[in-house]
Amino acid sequence: MSRTTLDLWVGFFVVIGMAALLFLAMKVGNVGSSNFDETYHLKAQFDNIGGLKVRAPVKSAGVVVGRVTNIGFDTDSYRAEVTFSLGTGYHFPKDTIATILTSGLLGEQYVGLDAGGDVEMLEGGDVVQMTQSAVVLEKLIGQFMFDKAAETPAN
Amino acid sequence: MTGVLNLVRRLGAGVVEAVWRIGFATRFFMLLLRYSGQSLLRLHLTIREIYFSGVLSLLIIVVSGLFVGMVLGLQGYETLQRYGSSEALGVLVALSLTRELGPVVAALLFASRAGSAVTAEIGLMKTTEQLKAMDMMAVNPLARVVAPRFWGGVISMPLLAALFSAMGVFGGWLIGVVFIGVDEGAFWSQMQAAVDFRFDVLNGVIKSFVFGIAVALIAVFEGYDCTPTAEGVSRAITRTVVSSALAILALDFVLTSFMFRGQS
Amino acid sequence: MTPLDSNDALVRLQDVRFAYGEREILSGVDFSVRRGQVVAIMGGSGCGKTTLLRLIGGQLRASGGTVGVAGQDLASLSTSELYALRRRMGMLFQFGALFTDMSVFDNVAFPLREHTDLPPALVHDLVMMKLNAVGLRGAAKLKPAELSGGMARRVALARAIALDPTLIMYDEPFAGLDPISLGVIGQLIRKLNDALGASTIMVTHDIVESLQIVDYVYFISDGRIVAQGTPHEIRASGDPFVHQFIHAEADGPVPFHYPAAPLADSLIGRSAA
């Protein structure tokens with residue numbers, strides 16, 4: 001095996017190996033889409049975040065506008081405090097509602113933002129005032145049973 | 001009673017021997033690193049070994065990757081469609097491959113094909129006194145023969161693992177989308193949403209790099225350390241394949257627990 | 001002709017001992033080789049001949065005594081100094097030890113390419129000259145697997161002299177060869193030694209061939225030098241060991257029977273031997 005043939009084959013091998021890596025990075029994973037160039041942070045407090053995790057998407061009208069960066073617990077208000085980052089191109093009014101929603105029936109949970117009508121916009125470090133917690137199955141059943149029980153005394 | 005005692009004694013001796021060997025192998029690794037200068041300065045030596053370890057493993061890696069991907073596609077679809085989630089097939093195939101199957105299976109195949117070949121080569125050179133002859137000609141066999149084979153393996157491994165995963169995804173697509181009829185758009189879009197480059201793909205690459213070091217080191221060490229007889233070489237080859245497999249799986253556990261700690 | 005002329009000695013071993021773990025292989029060996037000499041080391045199997053060669057080449061380290069080559073004590077050399085010294089040595093291993101993945105040409109060119117910066121054309125000519133000296137110029141393109149035993153050994157010889165060494169060592173150069181090859185190798189050893197102005201050390205137990213070409217002989221038995229002299233002196237020696245060796249007698253100082261109890265004791269009807 002002459003040296004030039006060898007080099008050719010090795011070069012070919014390295015090229016297709018790199019191409020495979022690139023394929024995995026671009027087509028399989030999401031290199032570009034998950035990272036925004038510049039972001040600003042907002043906070044929101046929820047009674048119950050359900051199964052929300054860090055890195056979960058923040059969507060508005062179904063479009064990903066940011067990511068959850070931190071989940072903490074506020075020891076004063078006994079509520080969950082979620083910090084998330086939004087791309088600087090996206091601005092929301094001060095009366096935006098943040099809800100924890102589920103994608104699909106058994107899917108992952110994400111933060112949904114419903115824009116309000118306020119003239120003033122949320123700035124970096126602001127807190128989203130109006131929030132709706134995640135729907136927890138047990139509470140739903142409990143609510144259903146409570147409602148059912150409340151109906152009967154009417155007889 | 002003495003039979004049991006003997007067994008325990010032999011077990012203890014075996015463990016001591018294994019620990020001693022690991023220490024010896026570590027010293028060998030340090031020496032190897034010290035004499036790796038030639039592998040860099042005379043690149044053609046390393047390139048030659050990349051050819052013999054990497055290029056010649058292409059066939060088995062690519063074909064195996066394809067089959068594994070296709071099986072993932074089949075089995076995955078079979079299970080997912082029971083819960084109406086057959087569109088998540090792309091996610092299942094891609095995550096299984098990039099995180100685990102790609103690095104691990106490719107490393108196991110690499111150890112069996114290239115690792116055993118390297119052990120055989122070095123072992124035979126030792127048996128026919130070629131290494132001693134080289135030493136007598138004032139050429140360090142560690143630098144000239146062993147180190148290039150080590151680096152050839154280390155460089156080849158991540159590339160082969162990436163190829164394995166890529167072929168697997170293709171195989172999954174082939175079965176899922178082309179043959180079974182899962183929606184192509186859902187296949188790729190859900191996959192892209194679920195597979196994170198830094199988290200899944202890069203971790204897989206790191207794993208394959210670590211496996212590459214382990215397999216290459218074991219292969220050259222067993223060859224260099226073997227008893228210089230025909231039987232000794234054959235035993236060394238067996239040890240290479242077995243030790244590599246154990247090391248890969250153990251390291252996989254350690255790395256996985258570091259990388260994917262409680263994350264989904 | 002005494003060998004212990006320190007001014008002229010290329011190789012000089014003084015009271016060298018070597019032990020492999022518990023077993024002592026060499027116990028107090030005095031040995032020297034002068035420039036231009038061809039010396040044979042003879043003895044039965046496992047007596048320490050090859051160990052001696054390894055000690056001179058620096059592959060083994062003596063447990064005691066001094067091993068001196070070209071005026072340098074091997075024990076005091078660093079690895080790079082030892083390598084520098086080895087570039088002036090050539091060693092022929094018992095079965096050639098040719099590199100099986102290279103052609104004959106590349107094998108002989110190996111030392112030249114590794115240790116010199118000579119241009120390829122010059123390397124080519126040098127390799128051809130070395131191969132010509134051993135009569136195998138036409139086999140340059142063959143692979144070692146395609147060579148017979150004698151040819152492989154001659155190629156290994158060409159490789160050993162590629163850098164024109166001052167000390168050439170042979171480990172059993174005559175073992176397993178046909179009569180023609182024996183004669184060829186013997187002649188080559190002598191002619192190359194004289195042509196290169198080198199010294200040669202040969203480990204062998206071939207009496208006929210070696211006595212024809214060597215200047216001096218050392219006999220080793222049980223890790224000691226038991227006899228030494230010129231071929232003429234050796235042939236005329238009355239030493240029982242030398243005599244047994246030269247005349248290939250079955251029994252003598254080296255016994256025929258492996259140590260055991262008397263025969264009668266191990267026959268049936270007696271207690272276990």
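**View 1. No salt bridges link domain 1 of chain C and domain 2 of chain C.** The count between these two domains is zero, where a salt bridge is a side-chain nitrogen of Lys or Arg within 4 Å of a carboxyl oxygen of Asp or Glu. This is a predicted model, in which local features need pLDDT of at least 70 and side-chain atom pairs count only at pLDDT 80 or more, while totals for chains, interfaces and linings use all residues. Residues are numbered from 1 along each chain as its sequence is written, chains are lettered from A and ligands numbered from 1 in the order in which they are written, and side-chain values use heavy atoms, leaving out hydrogens and water. Domain 1 of chain C covers 6-88 + 165-272 and domain 2 covers 96-163, with bounds from an automatic or database domain assignment.

**View 2. Here is where domain 1 of chain C meets domain 2 of chain C.** On the domain 1 side, 15 residues are in contact with eleven residues of domain 2 of chain C; contact means heavy atoms within 4.5 Å. Together the two domains bury about 1000 Å², 73% of it on carbon and sulfur atoms. Buried area is the accessible area (1.4 Å probe) that two parts lose on being put together, summed over both. Taken over C-alpha atoms, the domain centres are 27 Å apart.

**View 3. Thr200(C) sits in strand 8 of chain C.** This strand spans residues 199-203; strands (E, at least two residues) and helices (H or I, at least four) are DSSP runs, numbered from the N terminus. Thr200(C) counts as buried because its relative accessibility is 0%. Buried means under 20% relative accessible area, exposed over 50%, and partly exposed in between (1.4 Å probe, protein chains only). Leaving aside neighbours within four places in sequence, look for the contacts of Thr200(C), among them Val38(C), Ile168(C) and Tyr170(C).

**View 4. A nonpolar patch lies on the surface of chain A.** Val135(A), Leu137(A), Leu140(A), Ile141(A), Phe144(A) and Met145(A) form this patch, with about 660 Å² of accessible area together. Patch residues have over 30% relative accessible area and no salt bridge; like charges are joined within 9 Å, and nonpolar side chains (Val, Leu, Ile, Met, Phe, Trp, Tyr) within 5 Å. Accessible areas come from the Shrake-Rupley method with a 1.4 Å probe, and for residues only the protein chains shown count as cover. Leu140(A) belongs to helix 2 (residues 137-151) of chain A, and its relative accessibility of 48% makes it partly exposed.
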